[in-house]
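Please walk me through how to read this structure, one feature after another.

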Amino acid sequence: MAQLYCDTCKRFLADRLVEGSCPALGCNYDSARGDQCEKCGKLLNPTELKDPRCKVCQATPKIRDTDHLFLELPLIKDKLEEYINKMSVSGSWSQNAIQGTYAWLKDGLKPRCITRDLKWGVPVPHEKFKDKVFYVWFDAPIGYISITSCCTPDWEEWWKNPENVELYQFMGKDNVPFHTVMFPSTLLGTDENWTLMKTISVTEYLNYEAGKFSKSKGVGVFGNDVKDTNIPAEVWRYYLITNRPEVSDTLFTWEDFQAKLNTELLNNLGNFVNRVLSFIAKPPGRGYGSIIPDSPKADLHPSTKMLAEKISNHIDQYIEAMEKVKLKQGLRIGMSISSEGNAYLQESQFWKLYNEDQGSCSIVIRTSVGLIYLLACLLEPFMPSFSLEVLKQLNLPTETKFSLSDENGDLERARKPWEILPAGHRIGMPSLLFKELKDEDVRFFREKFAGSQADRAVRAEAEAKRLAEHLKKTKISVPLN
């Protein structure tokens, strides 16, 4: 096999250490990597790049011949196509996963090199290839199985049990062929009864402000950056799911992040929970002394009955969305229940009902506190720390296992929110769940995370030097007694 070798660095180059122009017709992206073009998504071999260059020294590498192992994809073509045609339908693969997979098949399956001339990686257990390692995207998916075997000796109950186990996978669109073509081919080629992927949920690209997120180039906000902001994890989780690029590329901007936090989490969700619990916590005469009131004949109360019908529909839509791995839609439906709750409170004018119609007020409040538990249940897959805090404020055990259904699998209780929590239950201490993100915070974060991580390091070093010089010039006087 022909491979790129850098005379300056004295080594064969890993795919990620080669850049050049993409050879795909109409693309010509000039920073395509040796294994894939980030712009058009085409999988490449390094020797296919036009005008290749070594990323380490920028020299032009030469082509040298070297022996490698290949995955003979053409030999598994019929089995692979049968698997893809069946599972893409029954598993409701996302459209971008289907498109990416069939584009690969359309080009025709070719033998795929699965080894590299590198020092770092998993060594090939064969005497003739002992100086080589496996290509990462051949080796990494096998790691899914080996990691499971490290956790349990019963790993085959998961990975060799397709009759009883369904495998779901989530990834960006650039990794699709490795999981819908290469890895299934590896497993099918063994003729063993492996659990093959049923459902794949694929995202497009999430871009950052004016450009692309890029870990290699350090552009964007990453895990260590997120931690440094001191913005709670559930806020980040919420924003990333609502902005999940399921159909097309989406854009992260600090203004949009601020708007979703302040409008949707603080003013909608947080406001609903706090209004209800704070009212219950007020002393008798102004509230319920932290005790959930009884609600006789709630199912006959007109506005409550109407609300229950809406909630029931939302629950059905939520379950359907989550079963089809429509995460963004599932979260949106969950949040719409919070909006319904706020509208229900506002329409009832419970603060007036408390003095004018205690029976109706008790129905509204017990129904609303049931909605709070329901929200914690529906939003737990997206914001587990939010749901945990709601449990604490409801004075329920934090080890509570959320479930929409009862022990018999019946959803009826969830469709009658006034029955979710028992009358007479004492709630905990209400507190605010979300904090406003101010304009000055947004300006600070945008400036802090502008440019690449390398640029930030230079700015931080310059600022440190400036402060050091300033301190040198500062005179400290100590008053004498």
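**Reading the model**

Q: What span should the 22 residues of helix H9 (residues 302-323) have at 1.5 Å a residue?
A: The expected span of a helix is 1.5 Å times one less than its number of residues. For H9 that gives 32 Å, and its end C-alpha atoms are 32 Å apart, which agrees. Helices (H or I, at least four residues) and strands (E, at least two) are DSSP runs, numbered from the N terminus.

Q: What kind of model is this, and how are residues numbered?
A: The model is predicted: local features need pLDDT of at least 70, and side-chain atom pairs count only at pLDDT 80 or more, while totals for chains, interfaces and linings use all residues. Residues are numbered from 1 along each chain as its sequence is written, and side-chain values use heavy atoms, with hydrogens and water left out.

Q: How many helices and strands does the protein chain have?
A: There are 15 helices and 15 strands. The C-alpha atoms fill a box of roughly 90 × 80 × 45 Å, taken along the principal axes.

Q: What percentage of the 481 residues count as buried?
A: Buried means under 20% relative accessible area, exposed over 50%, and partly exposed in between (1.4 Å probe, protein chains only). In this chain 47% of the 481 residues count as buried.

Q: Which residues of H9 are buried?
A: They are Thr304, Leu307, Ala308, Ile311, Ser312, His314, Ile315, Tyr318 and Ala321. Their cover includes helix H10 (327-348) and H12.

Q: At what angle do H9 and H10 pack?
A: Axes are lines fitted to C-alpha atoms, for helices over the stretch in contact, and angles run from 0 to 180 degrees between N-to-C directions. Angles under 35 degrees count as roughly parallel, over 145 as roughly antiparallel, 65 to 115 as roughly perpendicular and the rest as oblique. H9 and H10 pack at about 170°, with their axes 8 Å apart. The two helices are therefore roughly antiparallel to each other.

Q: Which residues make the contact of H9 with H10?
A: Contact means heavy atoms within 4.5 Å. The residues from H9 include Ser303, Lys310, Gln317 and Met322, and those from H10 include Leu327, Gly330, Ile337 and Glu347. By class the contact has 9 nonpolar, 8 polar and 3 charged residues. Here Ala, Val, Leu, Ile, Met, Phe, Trp, Tyr, Cys and Pro count as nonpolar, Asp, Glu, Lys and Arg as charged, and the others, Gly among them, as polar.

Q: Where is Asn395 found?
A: Asn395 lies in the loop between helix H13 (384-393) and helix H14 (439-448). Its phi is positive, near 60°, and at 42% relative accessibility Asn395 counts as partly exposed.

Q: How many of the 22 residues of H12 are buried?
A: The number is 20 of the 22, so H12 is largely enclosed by the rest of the structure. H12 (residues 358-379) should span 32 Å, and its end C-alpha atoms are 31 Å apart, which agrees.

Q: At what angle do the axes of helix H3 (residues 136-151) and helix H5 (residues 176-188) cross?
A: They cross at roughly 70° and come within 10 Å. H3 and H5 are therefore roughly perpendicular to each other. Among the residues in contact are Trp137, Phe138 and Tyr144 of H3 and His179, Met182 and Thr186 of H5. The contact divides into 10 nonpolar, 2 polar and no charged residues.

Q: In what order do the 3 strands of the open sheet lie?
A: Strands of a sheet pair through backbone hydrogen bonds, either parallel or antiparallel. Two strands pair if DSSP finds at least two bridges between them. The order here is S2-S1-S6, with antiparallel pairing. S2 and S6 are the edge strands, each pairing on one side only.

Q: How many bridges join S1 to strand S6 (residues 62-65)?
A: There are 4, and the strands run antiparallel; Ala2 stands opposite Asp65 in S6. S1 also pairs with strand S2 (residues 11-12) over 2 bridges, where Tyr5 stands opposite Phe12. S1 and S2 form a hairpin with 4 residues between them, and Lys10 in the turn has a positive phi of about 60°. In S1 (residues 2-6), 4 of the 5 residues are buried, so this strand is largely enclosed by the rest of the structure.
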